[in-house]
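Here is a friendly tour of one model, with the sequence and structure laid out for you to follow along. Keep the viewer open and pick out the residues as they come up.

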Amino acid sequence: MTISVSSVSKYFYSHAALDGVSINIEKGEFFVVLGPSGCGKSTLLRSIAGLETIDGGEIHLAGHHVAGKGTHVPPEKRNVGVVFQSYALWPHMSVSGNVAFPLETARLAKNDIAAQTRNCLERVELLPYADRKPADLSGGQRQRVALARCLAQGAQTVLMDEPLANLDPHLRHAMEEELSDFHRATGATTLFITHDQREAMALADRVALMWDGKVLQVDHPHRLYSKP
Ligand code: ADP
Ligand code: ADP
């Protein structure tokens, strides 16, 4: 689905973490927000996910008004999947338990939950690891569990908050490929935030450069640095 952020502001005390940010993300696009630590990337992602309220502007998801002007649709009603750097997996549950959880809270039939969980684990090639605990997986595998959980939720939109930042360089490369494959296979609208320029260039359909709460420029990666 489309993501439309219009003139959004967010203040922490008197400091503007977001200072009139506008971006429009097309359906199916892989959109990267690139900027240094502290520039407001996480706040932007969390505002879209519904994990923060906003102080000005509006956010629309698939044309629905979800934030601004006194409206705040809660995260679970926004139909977006979120993948964090820290994975946000439940440590006491197995891999399949983690993936099945959103389906259980949606009260699907047991057989459907089992089938859908298998299907999602298969798509990220983790079926052999279904009974393990997250602690017994590599960083890349944990990230794939988080992706499988997004798939299970049926999220057509995935928001990723520096999901590769904790991985070693080798695994990072492999996960970049996987994210590209995941995106091609699902056609999910993807917002990916990072402070890593190389990562942004490798993954993005379009990149927004962010600095001190503002979006400075939005363009295709190969055009970002070729302007006079
Ligand atoms: P980034 O993701 O680009 O590192 P953040 O969105 O996390 O940036 O932070 C943007 C600014 O907002 C920073 O100055 C940060 O200190 C501030 N900030 C973020 N979250 C909070 C919070 N919960 N309380 C106070 N200040 C915050
Ligand atoms: P950081 O960017 O510092 O690594 P995270 O992005 O992991 O931190 O988490 C930022 C905030 O989001 C924390 O306050 C955390 O409690 C919250 N959070 C993390 N995962 C989830 C989740 N799956 N659902 C809701 N909130 C989450």
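This is a predicted model: local features need pLDDT of at least 70, side-chain atom pairs count only at pLDDT 80 or more; totals for chains, interfaces and linings use all residues.

A polar contact here is a pair of N or O atoms within 3.5 Å.

**Around ligand 1**

- The surroundings of ligand 1 consist of Phe12, His15, Ala17, Pro36, Ser37, Gly38, Cys39, Gly40, Lys41, Ser42 and Thr43.
- A polar backbone atom of cysteine 39 sits 3.2 Å from an oxygen atom of ligand 1.
- From the side chain of threonine 43, an N or O atom is 2.6 Å from an oxygen atom of ligand 1.

**H4 with H2**

- Helix H2 covers residues 95-105 and helix H4 covers residues 139-153; the two pack at an angle of about 25°, and their axes are 8 Å apart.
- Angles under 35 degrees count as roughly parallel, and H2 and H4 are therefore roughly parallel to each other.
- The crossing in which H2 passes H4 is right-handed.
- On the H2 side, the contact uses Val95, Asn98, Val99, Pro102 and Leu103, while H4 brings Val145, Ala148, Arg149, Ala152 and Gln153.
- Sorted by class, the residues of this contact between H2 and H4 are 7 nonpolar, 2 polar and 1 charged.

**H4 with H5**

- Helix H5 spans residues 169-186, and its axis comes within 10 Å of the axis of H4, with a crossing angle of roughly 15°.
- That angle makes H4 roughly parallel to H5.
- H4 and H5 cross in a right-handed sense.
- H4 contributes Gly139, Gly140, Gln143, Arg144, Leu147 and Leu151, and H5 contributes Leu171, Met175, Glu178, Leu179, Phe182 and Thr186.
- The contact of H4 with H5 holds 6 nonpolar, 4 polar and 2 charged residues.

**H4 with H3**

- Helix H3, residues 110-123, packs with H4 at an angle of about 135°, and the axes are 9 Å apart.
- This makes H3 oblique to H4.
- H3 and H4 also have a right-handed crossing.
- Gln116, Cys120, Leu121 and Arg123 of H3 touch Ala148, Leu151 and Ala152 of H4.
- By class, 5 nonpolar, 1 polar and 1 charged residues make up the contact of H3 with H4.

Notes. Residues are numbered from 1 along each chain as its sequence is written. Chains are lettered from A and ligands numbered from 1 in the order in which they are written. Side-chain values use heavy atoms; hydrogens and water are left out. Axes are lines fitted to C-alpha atoms, for helices over the stretch in contact, and angles run from 0 to 180 degrees between N-to-C directions. Helices (H or I, at least four residues) and strands (E, at least two) are DSSP runs, numbered from the N terminus. Angles under 35 degrees count as roughly parallel, over 145 as roughly antiparallel, 65 to 115 as roughly perpendicular and the rest as oblique. A crossing is left-handed if the near helix is turned anticlockwise from the far one by less than a right angle, and right-handed if clockwise. Contact means heavy atoms within 4.5 Å. Ala, Val, Leu, Ile, Met, Phe, Trp, Tyr, Cys and Pro count as nonpolar, Asp, Glu, Lys and Arg as charged, and the others, Gly among them, as polar. A residue is near a molecule or strand if one of its heavy atoms lies within 4 Å of it. A polar contact is a pair of N or O atoms within 3.5 Å; within protein, one must be able to donate a hydrogen and the other to accept it, and residues adjacent in sequence count only if both atoms are side-chain atoms.
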